[in-house]
Amino acid sequence: MGKTYQKPEALSDAYTHYCPGCTHGIIHRLVAEVIDELGIRRKTVGIAPVGCAVLAYNYFTFDFQESAHGRAPAMATGIKRVRPDLMVFTYQGDGDLASIGISEIIHSANRGEKFTTIFVNNAIYGMTGGQMAPTTMPEQRTTTSPAGRDVSKQGMPIRMVEMLSTLATPAYLSRQTVIRPKYVMRAKKAIKKAFEYQVEDRCFSLVELISTCPTNWGMTPQESIDWTENTLLKYYKLGEYKSPESTEEA
Amino acid sequence: MAKILMKGNEAIAEAAIRAGCLNYFAYPITPQSEVAEYLSWRLPEVGGVFLQGESEVAVSYMVFGASACGERVFTTSSSPGISLMSEGISYIAAAQCPAVFVNIMRGGPGLGGILPSQADYNQSVKGGGHGDYRMLVLAPASVQEAAEMTMMAFPLAEKYRNPVMILGDGLIGQMMEPVEFSEELIAEPSNKDEWATSGMDTRKSDKRNLVKTLYLVPEELNEHNLFLKAKYDRMEQEEVRFVSYNIDADYTALIVSYGTMSRVCQTAIDNLKDEGIEVGMIRPQTLFPFPEKAVLDAASKEGCKVAFSIEMSMGQMLEDVERSVKGRCPVRWYGKCGGEVPTPEEVVDVVKSNI
């Protein structure tokens with residue numbers, strides 16, 4: 001009997017630098033599995049962000065570009081326009097995508113650029129040491145909101161998938177999480193769908209993954225999972241927000 | 001091929017296509033928007049890629065992404081837009097990707113004005129973005145030269161795997177002159193399979209390529225910077241370009257001037273000659289590398305009492321002229337920075353009152 005479960009070819013042998021209880025590792029694996037299953041590894045170019053996943057290229061076994069903070073969607077646009085045959089994805093955190101790079105992601109989605117974005121939202125800046133993000137929850141304590149996010153001064157957290165859903169250009173937009181096994185399978189389905197839309201040259205696709213940051217949240221991994229479920233998932237509702245089919249019907 | 005009458009901006013656009021560059025990303029800004037307007041219909045005609053990005057910031061990364069795949073790509077902008085692109089230029093230089101940036105300069109600082117200027121000398125020549133990097137900077141003085149330099153810029157960018165900038169003042173972009181395009185197409189680079197993220201299948205390789213600029217280990221970053229420096233040193237050895245004017249005469253003064261300003265100085269030199277005053281000129285065609293030796297030699301010539309840096313900026317090139325002259329004679333500056341180009345009469349007066 002052969003192996004039934006093994007490390008995806010798209011994933012390297014390197015140990016990751018991610019903290020215990022962080023969900024980047026699971027998400028990396030899901031992306032790698034999907035790339036293997038679609039057989040696109042040798043024509044894929046990934047784009048790493050600035051943030052915790054800046055070194056993501058160490059964990060994958062295909063071509064990678066490293067972007068400046070927030071600019072990954074512009075780089076992906078550049079690649080996809082001149083080499084539409086390549087499979088391109090950006091892997092971005094919430095500071096990268098929802099703060100400094102919000103313009104690039106909105107315009108890429110609105111132009112219908114045919115690449116895929118994996119958006120990892122853990123409601124905080126991880127790599128720089130736990131500062132407030134546009135996605136930080138009301139009252140959530142961070143190193144730049146030590147008394148908790150004051151929504152009278154900082155506004156409410158940005159819900160990117162909902163915001164992008166208002167664009168009339170066809171797209172695939174989904175929000176998932178990987179904090180429990182049941183969610184992992186759904187997240188994988190969404191990631192696979194996102195890449196399939198690209199393979200079919202159909203539309204821009206983005207999967208937001210609500211994630212944990214025990215280190216900067218000041219919680220144990222278990223507490224992080226509970227807080228994600230009880231707080232983040234109440235505000236960031238899971239589900240498929242838009243598909244090219246739904247746009248065509250509308 | 002016969003000469004045709006073209007606006008500088010359109011000649012740059014057409015020259016890029018003839019140089020084999022079929023990929024262009026840009027954001028509109030006066031006085032260079034004609035490049036984008038021209039390419040918006042011309043590139044689709046030849047099967048190329050034209051995309052108007054959402055900002056100059058985004059455009060510089062579209063250029064980066066495309067360039068990192070090993071494709072010829074360029075963009076054009078004007079001063080405030082180049083400020084925004086400077087972040088991307090720093091990354092492109094750090095990642096050693098070839099790309100061509102055209103700056104049709106307008107007056108600054110801030111919004112400044114929309115008339116011709118050379119006030120981005122320091123930004124282009126000394127590096128407008130962060131970190132130790134250089135661009136090879138080409139400065140055309142005519143529409144013909146703008147076209148030629150555009151065609152040269154792509155192979156130069158590929159030779160050094162480095163951004164190349166064409167630095168023209170607003171007049172170079174806006175004026176119409178006869179232009180003739182070279183039929184010669186310079187070949188694609190051969191080593192891009194070693195570094196470009198073009199897809200492993202494309203390269204028929206099992207080795208993946210990585211384009212990055214992060215070096216967390218201090219020794220590695222230092223080594224990277226030394227490697228880049230060696231490249232810039234090589235540019236200084238191999239790529240200095242300049243034109244001299246009236247340099248064989250027994251001149252009493254030397255002018256250093258580039259772009260449109262140098263053409264005014266040329267007229268002034270002719271007028272001064274009629275009055276019996278000989279003035280020589282060095283016109284840098286590359287601003288980095290700067291023709292230091294040519295300027296030093298010219299300023300060292302017996303009888304040369306004074307050198308001038310005449311520029312449409314407030315003495316930015318003056319620093320390089322002084323550095324090159326090495327104290328052999330006094331160096332004076334003259335220039336204007338509001339959008340007016342100094343007249344030959346003004347240059348004549350400046351020379352006469354300083355000799």
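**Helices, interface and sheet of chain B**

Modeller: Helix α1(B) passes helix α6(B) in a right-handed crossing, a term for the near helix being turned clockwise from the far one by less than a right angle, anticlockwise being left-handed. The model is predicted: local features need pLDDT of at least 70 and side-chain atom pairs count only at pLDDT 80 or more, while totals for chains, interfaces and linings use all residues. Residues are numbered from 1 along each chain as its sequence is written, and chains are lettered from A and ligands numbered from 1 in the order in which they are written.

Helices (H or I, at least four residues) and strands (E, at least two) are DSSP runs numbered from the N terminus. The axes of α1(B), residues 8-18, and α6(B), residues 143-160, come within 8 Å and cross at roughly 30 degrees. That makes α1(B) roughly parallel to α6(B) (under 35 degrees; over 145 is roughly antiparallel, 65 to 115 roughly perpendicular, the rest oblique). Axes are lines fitted to C-alpha atoms, for helices over the stretch in contact, and angles run from 0 to 180 degrees between N-to-C directions.

Contact means C-beta atoms, placed from the backbone, within 7 Å. On the α1(B) side, G8(B), A11(B), I12(B), A15(B), A16(B) and R18(B) take part, facing V143(B), A146(B), A147(B), T150(B) and M151(B) of α6(B). By class, this contact has eight nonpolar, two polar and one charged residues (nonpolar: Ala, Val, Leu, Ile, Met, Phe, Trp, Tyr, Cys and Pro; charged: Asp, Glu, Lys and Arg; polar: the others, Gly among them).

Chain B also touches chain A, with 30 residues of chain B in contact with 27 of chain A. The largest share of the chain B side, eight residues, comes from α3(B). That side has 17 nonpolar, seven polar and six charged residues. V211(B) in β9(B) is the bridge partner of Q65(A).

Elsewhere in chain B, five strands form an open, mixed sheet in the order β10-β12-β11-β14-β15. Its edge strands, β10 (242-245) and β15 (331-335), each pair on one side only. The twist averages 20 degrees from one strand to the next. β10(B) runs antiparallel to β12(B), residues 279-284, joined by four bridges; S244(B) has I282(B) as its bridge partner in β12(B).

Notes: Two residues are in contact if their C-beta atoms, placed from the backbone, lie within 7 Å. Two strands pair if DSSP finds at least two bridges between them.
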